[in-house]
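I opened my notebook today to look over a new model. Here is what I had on screen as I wrote.

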Amino acid sequence: RRQDVLTVTPWLAPIVWEGTFNSEILDSAYRPLNLTIGVTAFAIGKYTRFVGHFLESAEKHFMKGYWVNYYIFTDNPETIPDVQLQPGRRFVIVPIKKYPSWQEISMRRMEAINKHIAETSHREVDYLFCLDIDMVFYNAWGPETLGDIVAAIHPGYFNVPRSQFPYERRSSSAAYIPDGEGDFYYGGAVFGGLVKKVYEFTKTCHMTILMDKANGIMAAWQEESHLNRHFLSHKPSKVLSPEYLWDDRKPKPPEIHLIRFSTVDKNYKEVRD
Amino acid sequence: RQDVLVLTPWLAPIVWEGTFNRDILNAQYMQKNLVTGVVTFAVKKYWFFIEGFMSAANKYFLAGHQVNFYLFTDNPEQISHLQMAPENHLFVITVQNHSQWQDISVSRMDIISRYIRSQFQYEVDYLYSIAIDVQLFEHIGVEIIDTLVGTISSWQYTARRESKSYETHTESQAAIPKGEGDFYYTASFYGGSVTEVYKLTRACFKGVVEDRENDIEARWHDESYLNKYLLYHKPTRLLSPEYYWDEEL
């Protein structure tokens, strides 16, 4: 039980923190369902260097005991290392085109995920998580994260007043959120849910991204801004605490008892090229 | 709310005043164009409660949203002209009179499942079974709407000496092994999606039938079977004892 943090949103979605759930109870409810969990991650250009560590750590901590499909989207299939996976878990390379700028690459993820769900993964998985590749798992990530529509609270903004959330503030953008509105600042590095729901919201986000493109505007934090706009009007059914989306450069505050998934320290300038 | 448990260990929210914003929930509910049904039984002397229940329910239960009330009674003549809110509908269904009230109690499960199959599934998305003698004093809104919902019984919550408990007779289908059990749920208010309520009522009635064949009767009747079911099929949302406070406490 946690009394130091908010554990339920005003629309009655649970906020998942260590101490709020019992893994055994959840496993006994979910394991018999024989679910397959999908993971999408984009490894474009120099980002392929993160794949090995991402997968190795996922093998140790992500959805142990469940069927898992990793979908690695890359423009460079030959540079993807061969990682040994446990039984019931497989790894699929999805070749995609590389866009000229890192912002464009980032924003095209919505379209790529949506397309891939329609063509392939809707038949292969029940739940899908879309994760950033330049991250590592340090602790268990289990069925407590499963839900219809799942978003994660950005580690930089969980203890900060709403007025300081870096929402897109220009009204000409389709991702615009006016002052005084907003529930949380969700991170673009982690989102997911039932494959059908992920299909729906990646489509909507891609549409709003295209609208902005047509108007010659790019949202402050790319698809993260569009994601936040979407989750404001279509609230997630489950919210993950920053334990599930941490930034190792930040000092660990008392509310964070456990870091499960965190950024790899890197030279942004060098790797975004 | 920091004074109470607001989340179960399987991450189902426990609904207390102060944990939710009804405006947000109303907006979500209306977006989906949902219809909710209420099933209630007024058999034998319980006809007395009909007017009070329907008048309060029209005023306080999901006010502003369409509710279909399915009233099962053996006494349809006793129903005086009931004023329904414009968005609500009342269906009066006549049932047989059983000799023992325990029989009425457990046959409710059977009746509900049969009617879901033949009728309710086509008319509502969510269905709640509410005892006719429940007193409604405050608004009960869409915060109750979820896939499988149980209400924590106030009896267990204050841990009175004479508290109601799970069926201990180990041969009963309602038996819960010692030491197990999350909460004690009341049979006076439970519900969920029409599919889940169908599964629940079918399973409970099956338990009743099996026990009868072995000459066993669960101590708290349909409530015992309900608790067994919800132990092994965890509710997706729990209503706190604010939603059903037994006056006898």
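**Entry 1: the model and chain B.** I noted before anything else that this is a predicted model. I then went through the secondary structure of chain B and found 6 helices and 8 strands. Reading along the sequence, I wrote down the pattern β-α-β-α-β-β-α-β-β-α-β-α-α-β. The radius of gyration of chain B came out at 17 Å, close to the 18 Å that the globule rule gives for 249 residues, so I put chain B down as being as compact as a globular protein of that length. Its C-alpha atoms fill a box of roughly 50 × 50 × 35 Å along the principal axes. I also looked up burial: 55% of the 249 residues of chain B count as buried. For contacts in chain B between residues at least 6 apart in sequence, I noted that 77% join residues at least 24 apart.

**Entry 2: where the chains meet.** Next I asked how many residues of chain B are in contact with chain A. I got 22, and they touch 21 residues of chain A. The area buried between the two chains is about 1700 Å², with carbon and sulfur atoms giving 65% of it. Helix 1 (residues 22–31) of chain B supplies the largest share of the side of chain B that touches chain A, with 4 residues. By class, I listed that side as 12 nonpolar, 6 polar and 4 charged residues.

**Entry 3: salt bridges.** Over all chains, I have 23 salt bridges in the structure. I picked out Glu59(A) and Arg89(A), whose closest N and O atoms are 2.7 Å apart. This pair joins helix 2 (residues 51–61) of chain A to strand 4 (residues 89–95) of chain A, 30 residues apart. I marked both Glu59(A) and Arg89(A) as buried.

Then I turned to Arg109(A) and Glu223(A), a salt bridge at 2.6 Å between the closest N and O atoms. Arg109(A) is in helix 4 (residues 109–119) of chain A and Glu223(A) in helix 6 (residues 223–233) of chain A, so the pair ties together parts 114 residues apart in sequence. Arg109(A) is buried at 8% relative accessible area, and Glu223(A) is buried at 4%.

**Entry 4: a network.** My last stop was a network of salt bridges that links Glu104(A), Arg108(A), Glu111(A) and Lys213(A). Within it, I checked Arg108(A) and Glu111(A), which meet at 3.0 Å, N to O. Is Arg108(A) buried or exposed? I have Arg108(A) as buried, because its relative accessibility is 17%, under the 20% cut-off. Glu111(A), at 27%, counts as partly exposed.

Technical notes. Residues are numbered from 1 along each chain as its sequence is written. Chains are lettered from A and ligands numbered from 1 in the order in which they are written. This is a predicted model: local features need pLDDT of at least 70, side-chain atom pairs count only at pLDDT 80 or more; totals for chains, interfaces and linings use all residues. Side-chain values use heavy atoms; hydrogens and water are left out. Contact means heavy atoms within 4.5 Å. Buried area is the accessible area (1.4 Å probe) that two parts lose on being put together, summed over both. Helices (H or I, at least four residues) and strands (E, at least two) are DSSP runs, numbered from the N terminus. Ala, Val, Leu, Ile, Met, Phe, Trp, Tyr, Cys and Pro count as nonpolar, Asp, Glu, Lys and Arg as charged, and the others, Gly among them, as polar. The radius of gyration is taken over C-alpha atoms; the globule rule is 2.2 Å times the number of residues to the power 0.38. Buried means under 20% relative accessible area, exposed over 50%, partly exposed in between (1.4 Å probe, protein chains only). A salt bridge is a side-chain nitrogen of Lys or Arg within 4 Å of a carboxyl oxygen of Asp or Glu.
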